[in-house]
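Work through the exercises below with the sequence and the structure side by side, and try each task before you read its solution.

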Amino acid sequence: MSRRIIQVDEKVPLLQGFPLSLQHLFAMFGASVLVPTLFKIDPAIVLLMNGIGTLIYLFICKGKAPAFLGSSFAFLSPVFVVLGADQALWGGNYSYALGGFIASGLIFCTVALIIGRFGSDWIKIVLPPATMGPIVALIGLELAGVATGMAGIMPDDSGAYNMDAIIVSMVTLLVVAFGSIVFRGFMAVIPVLVGIIVGYAVAISMGMVDFATIATAPVISFPTVYLPKFDINMILIIIPASLVVISEHIGHLVVTGNIIGRDLVKDPGLHRSLLGDGIATTLSGFMGSVPVTTYGENIGVMAITRVYSVWVIGGAAVISICLAFIGKLSAFIQSIPTPVMGGICILLFGVIAASGIRMLVEAKVDYSKPANLILTAVVLIVGLSGTALHIGTVQLKGMALGTVVGMALSMIFHLLDHLGLTNQPAEH
């Protein structure tokens with residue numbers, strides 16, 4: 001006997017809805033809180049704005065698109081560039097990243113208005129799968145060194161290794177990796193959270209956790225608000241990541257529609273969905289939080305549970321908002337040792353890279369066509385080479401430069417194909 005499907009607009013009784021909402025919160029929690037932890041900012045502000053952003057999204061989409069907005073990983077690489085190598089300066093530099101987040105949110109809104117007016121076919125020309133796949137892969141590949149450094153498996157300046165850090169990070173990694181494969185039921189949805197808990201426990205046993213901050217933290221507190229600063233150089237470093245999020249957003253909306261059996265691209269419409277994401281990201285930037293995106297983790301929860309209710313999603317958003325005001329929780333999250341997050345990041349950043357390859361496979365990109373082969377090859381090499389393009393005081397490198405080069409080549413190839421000058425049509 002198959003389980004009953006709880007439809008998108010179906011209200012769920014409170015006693016039944018609360019654990020279902022909590023499940024969605026747990027699914028997004030580990031990944032969403034990881035982003036502010038990496039930037040060394042108060043995770044409470046992210047929990048607050050994720051919840052508010054999700055409610056805004058559900059409202060703009062007229063309650064027809066079930067999606068939870070969590071912290072975007074697409075911005076990690078450019079934000080680390082803005083923050084700089086000296087972590088002592090991160091507190092001040094983060095304000096400049098916020099200016100880039102606001103600009104990115106406004107780009108989302110602009111693209112949403114364009115799609116509402118002209119449709120979305122042009123995106124396939126600017127960012128075909130052969131270009132977008134390697135761009136997404138670059139997000140994870142660029143961060144490989146960050147993950148291994150956090151995990152302690154890279155030697156310090158003297159060539160020595162921190163064995164305590166390695167033990168903690170590897171235990172955390174193994175729990176998440178094997179948990180993703182062998183956990184069942186509810187546990188299968190939260191292997192990242194379980195990995196963090198186990199890694200934290202191991203770190204405690206090795207004397208790596210300082211409980212002083214937790215002890216002195218208030219039970220109830222207000223999330224830390226960070227004010228944005230605007231610098232055109234920093235903005236230009238950040239905004240290329242918005243193109244990745246737009247493509248990711250489109251893919252998530254199509255997948256969600258397939259799961260619930262509705263064409264969400266038409267109703268409520270891609271333009272409404274992207275506008276909700278854009279407004280939420282812009283507001284997050286003004287409040288000091290990180291950009292948001294529709295979360296694949298929560299899409300997975302819907303696929304497993306067959307619970308599609310926006311009321312359940314909304315409930316998760318409300319719980320997230322409430323948790324943001326629990327000071328002890330914020331202090332606890334910030335007490336998690338870096339090696340624990342390093343173990344998580346090794347897998348998580350690798351999964352991001354693999355998702356780019358998955359895009360190529362699912363799009364069935366034909367690499368017997370020279371245009372597709374060239375697009376993927378050039379984007380990968382430009383992105384990984386360390387090559388930088390200086391435009392005045394602006395520097396583009398890594399994923400940002402790979403995105404710009406890939407978009408330019410894609411449009412040139414499309415034009416040549418349109419003019420009948422290519423020996424084989426490009427795949428778009």
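## Exercise 1: the largest cavity

In this predicted model, the largest cavity is lined by Tyr57, Ala65, Pro66, Ala67, His252, Leu253, Thr256, Leu264, Thr294, Ile299 and Met302. Find which elements give two or more residues to this lining, and describe the lining by residue class.

Solution. Begin with the helices: the elements that contribute two or more residues to the lining are α12, which spans 240-260, and α14, which spans 296-305. Of these, α12 provides the largest share, namely three residues. Next, sort the lining by class, which gives eight nonpolar residues, three polar ones and no charged ones. Finally, turn to size: the volume of the largest cavity is about 50 Å³, and the structure holds one cavity of 30 Å³ or more.

## Exercise 2: helices α2 and α13

Determine how the axes of α2 and α13 are placed relative to each other, and then list the residues that make the contact.

Solution. Two packed helices are described by the angle between their axes and the distance between the axes. Here the axes of α2 (residues 43-60) and α13 (residues 265-287) come within 9 Å, and they cross at roughly 150°. Because angles over 145 degrees count as roughly antiparallel, α2 and α13 are roughly antiparallel to each other. The crossing in which α2 passes α13 is right-handed. On the side of α2, the contact is made by Ile45, Met49, Ile52, Gly53, Ile56, Tyr57 and Ile60, while α13 contributes Arg272, Ser273, Leu275, Gly276, Asp277, Ile279, Ala280, Leu283, Ser284 and Met287. Sorted by class, this contact has 11 nonpolar, four polar and two charged residues. Note that Tyr57, a contact residue of α2, is also one of the residues that line the largest cavity.

## Exercise 3: helices α6 and α12

At what angle do α6 and α12 pack, and how far apart are their axes?

Solution. Helix α6, made of residues 129-142, packs with α12 at an angle of about 115°, and their axes are 11 Å apart. As for handedness, α6 passes α12 in a left-handed crossing. The contact is formed by Met132, Ile135, Val136 and Ile139 of α6 together with Leu243, Val244 and Ser247 of α12. By class, six of these contact residues are nonpolar and one is polar, with no charged residues.

## Exercise 4: a pocket and the helices beside it

Work out which helices supply at least two residues each to the lining of the second largest pocket, and examine how α7 and α17 cross.

Solution. The second largest pocket has a volume of about 370 Å³, and among its 16 lining residues the closest to its centre are Thr37, Leu38, Lys40, Met150 and Thr338. The helices that each supply at least two lining residues are α1 (14-39), α7 (144-151), α16 (327-334) and α17 (338-362). The classes in this lining are 11 nonpolar, four polar and one charged.

Now consider α7 and α17, whose axes come within 7 Å and cross at roughly 150°; the two helices are therefore roughly antiparallel to each other. The crossing of α7 past α17 is left-handed. Ala147, Met150 and Ala151 of α7 meet Thr338, Pro339, Met341, Gly342, Gly343, Cys345, Ile346 and Phe349 of α17 in this contact, which divides into eight nonpolar, three polar and no charged residues.

Terms used
Residues are numbered from 1 along each chain as its sequence is written. This is a predicted model: local features need pLDDT of at least 70, side-chain atom pairs count only at pLDDT 80 or more; totals for chains, interfaces and linings use all residues. Side-chain values use heavy atoms; hydrogens and water are left out. On a 1 Å grid over the protein atoms alone, a cavity is a set of points where a 1.4 Å probe fits but cannot get out, and a pocket is an open set with protein on both sides within 12 Å along at least five of seven lines; lining residues have an atom within 4 Å of a point. Grid points are joined across faces, edges and corners, and a volume is the space filled by probe spheres set on the points. Helices (H or I, at least four residues) and strands (E, at least two) are DSSP runs, numbered from the N terminus. Ala, Val, Leu, Ile, Met, Phe, Trp, Tyr, Cys and Pro count as nonpolar, Asp, Glu, Lys and Arg as charged, and the others, Gly among them, as polar. Axes are lines fitted to C-alpha atoms, for helices over the stretch in contact, and angles run from 0 to 180 degrees between N-to-C directions. Angles under 35 degrees count as roughly parallel, over 145 as roughly antiparallel, 65 to 115 as roughly perpendicular and the rest as oblique. A crossing is left-handed if the near helix is turned anticlockwise from the far one by less than a right angle, and right-handed if clockwise. Contact means heavy atoms within 4.5 Å.
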